[in-house]
Amino acid sequence: MSSQQHIAARPSLAGLGVYVPGRPVEEVQRELGLARIIKLASNENPFGCPPAAREAMIQEMGQCALYPESSAPALAERIARHWGVDVERVFLGNGSDEIIGLLTRTYVQPGDEVVVADPTFSRYEQNVIIDGGVPVKVPCVDGVHDLDAMLRAVGPRTRMVFVCNPNNPTGTIVGAEALRRFIEAVPANVIVVVDEAYYEYVTASDYLQTVPLLDTHPNLIILRTFSKIYGLAALRIGYGLMHPAIIAELHKVRGPFNTNRLAQAAALAALDDAEWVRRCREANAEGLAYLAQAAAALGLSSYPSQGNFILIHLPTSGTEVGQRLLMQGVIVRPGEQLGIPNSIRVTVGTPEENQAFVEALRRAL
Ligand SMILES: Cc1ncc(COP(=O)(O)O)c(C=O)c1O
């Protein structure tokens, strides 16, 4: 085959890279032949999923020859009840990641601008570029969204703004009042997406509850997921809360069966387990405190995190330290992949995993 591309893809793809996920356990095991691998690279729940969700999946397996209900109405109803919103405001996606792509596909036209923080979750920028839009990247201050600067970046061509709260990869949140003022100040013709993938992990009191703002701000979209605290990342299920008029458009664009039967059943059962959420949140907060303290004891600073991960600054390359950790069977995410050179992003594991990571890090420095 000639090295020249023989059928041209859409021009917006030129120069775009492929998303680099945290390395899977199986791959590292195969490569290094290590018996025990600790994966702290993709912000997954180290405790798995609620037992009732697992049971619901097993029950549902007998139905896998049948397509699922297209818009997951039972789950949408359950989510609506959980948050006290009208079911018309709930949209299910194949992970919240799919919803991000559906939003840019539906609303971003070539040349449209979308304001995002820098660094933040890279899928916003990627999707904007694919759809021909122009990401306008506004530097974070100490890992925190600079909402004033983001507001100043909103102009006549702006279609959408993403606020990642807590922010991935820094773990920081924006203050409740600052976010409220921001949402109020963004023009009504600009969509404000607040991505709350780590919502259930937040313990800070200065954190905005965005759901009540849906009534007054038809341009507000809240994204949530079952991939994090509910431990269902492999099933690919997330949701958005938003105005029904936006949902009507997304239904035209999505695939006909974008969420599968196992995911719908598991998520439905998972929502009942409030105790699971409480216990995981608590264990996570303890793990975060432990990791921040252990990093400090090694002379390393970190961002204050409200997610299930922590960004640790290093005096040297995160890629190098990440490789030395990998050789010891610990997978983390080098900051170089996330827009913060000389750092690593570490998912909070079980207490044993956290301890093993700290010991490996001591040896890797
Ligand atoms: C901020 C943020 N949004 C969205 C996602 C995507 O999650 P999902 O598994 O629901 O697609 C992630 C996953 O890491 C994330 O960190």
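Tutor: Let us begin with burial. A residue counts as buried if 20 or more other C-beta atoms lie within 10 Å of its own. Please keep in mind that this is a predicted model.

Student: Why does I222 count as buried?

Tutor: I222 has 22 C-beta neighbours inside 10 Å, and therefore it counts as buried. The residue lies in strand β7.

Student: Which residues is I222 in contact with, leaving aside its neighbours within four places in sequence?

Tutor: I222 is in contact with V194, E196, T210, V211, G240 and L241. By contrast, one may look at a residue elsewhere in the chain: the C-alpha atoms of I222 and E27 are separated by 34 Å, and these two residues are 195 places apart along the chain.

Student: How should I read the strands of a sheet?

Tutor: Strands of a sheet pair through backbone hydrogen bonds, in either the parallel or the antiparallel sense. In this structure, seven strands form an open sheet with mixed pairing, in the order β2-β8-β7-β6-β5-β3-β4. The edge strands, β2 (90-93) and β4 (134-139), each pair on one side only. On average, and with direction ignored, neighbouring strands of this sheet are turned by 25° against each other.

Student: In which sense do β7 and β8 pair, parallel or antiparallel?

Tutor: Strand β7 (residues 220-225) and strand β8 (residues 238-241) pair in the antiparallel sense, over four bridges. Within this pair, L223 has G240 as its bridge partner, and T225 stands opposite G238. Strand β8 also pairs with β2, again in the antiparallel sense and over four bridges; there, Y239 of β8 is the bridge partner of L92.

Student: Are the residues on the two faces of β8 buried or exposed?

Tutor: Both faces of β8 are covered: G238 and G240 on one side are buried, as are Y239 and L241 on the other. Helix α3 (residues 73-83) packs on the sheet and touches β2 and β8, and its direction makes about 125° with that of β2.

Student: Which strands of this sheet pair in the parallel sense with β5?

Tutor: Strand β3 (residues 113-118) runs parallel to β5 and is joined to it by three bridges, with E113 opposite T158. Strand β6 (residues 191-195) also pairs with β5 in the parallel sense, over five bridges, and here F162 stands opposite V193.

Student: Why is β5 described as largely enclosed by the rest of the structure?

Tutor: Seven of the seven residues of β5 (residues 158-164) are buried, so the strand is largely enclosed. The buried residues of α9 pack against α2 (51-60) and α3.

Student: What is the strand order of the open sheet that has three strands?

Tutor: The order is β9-β12-β11, and the pairing is antiparallel. Strands β9 and β11 (333-334) stand at the edges with a single partner strand each, so one side of each is left without a neighbour in the sheet. Five bridges join β9 to strand β12 (residues 343-347), and I312 stands opposite I344 in β12. Helix α11 (residues 318-327) packs on this sheet, touching β11 and β12; its direction makes about 45° with that of β12.

Student: How is the chain divided into domains?

Tutor: The domain assignment gives domain 1 (18-48 + 275-364) and domain 2 (51-270). Their C-alpha centres lie 25 Å apart. At the boundary, 24 residues of domain 1 are in contact with 21 residues of domain 2. On the domain 1 side, α10 (274-297) and β9 (309-313) each supply at least two residues, and the largest share, five residues, comes from α10. By class, this side has twelve nonpolar, nine polar and three charged residues.

Student: Finally, which residues are closest to the ligand?

Tutor: The ligand is surrounded by 13 residues, the closest being G95, D97, T225, S227 and G238. By class, this shell has four nonpolar, seven polar and two charged residues.

Conventions. Residues numbered from 1 in each chain as written. Predicted model: local features only at pLDDT ≥ 70, side-chain atom pairs only at ≥ 80, totals over all residues. Domains from an automatic or database assignment. Contact = placed C-beta atoms within 7 Å. Nonpolar A, V, L, I, M, F, W, Y, C, P; charged D, E, K, R; others polar. Pairing = 2+ DSSP bridges. Axes fitted to C-alpha atoms, helices over the stretch in contact; angles between N-to-C directions. Near = placed C-beta within 6 Å. Buried ≥ 20, exposed ≤ 12 C-beta atoms within 10 Å, placed from the backbone.
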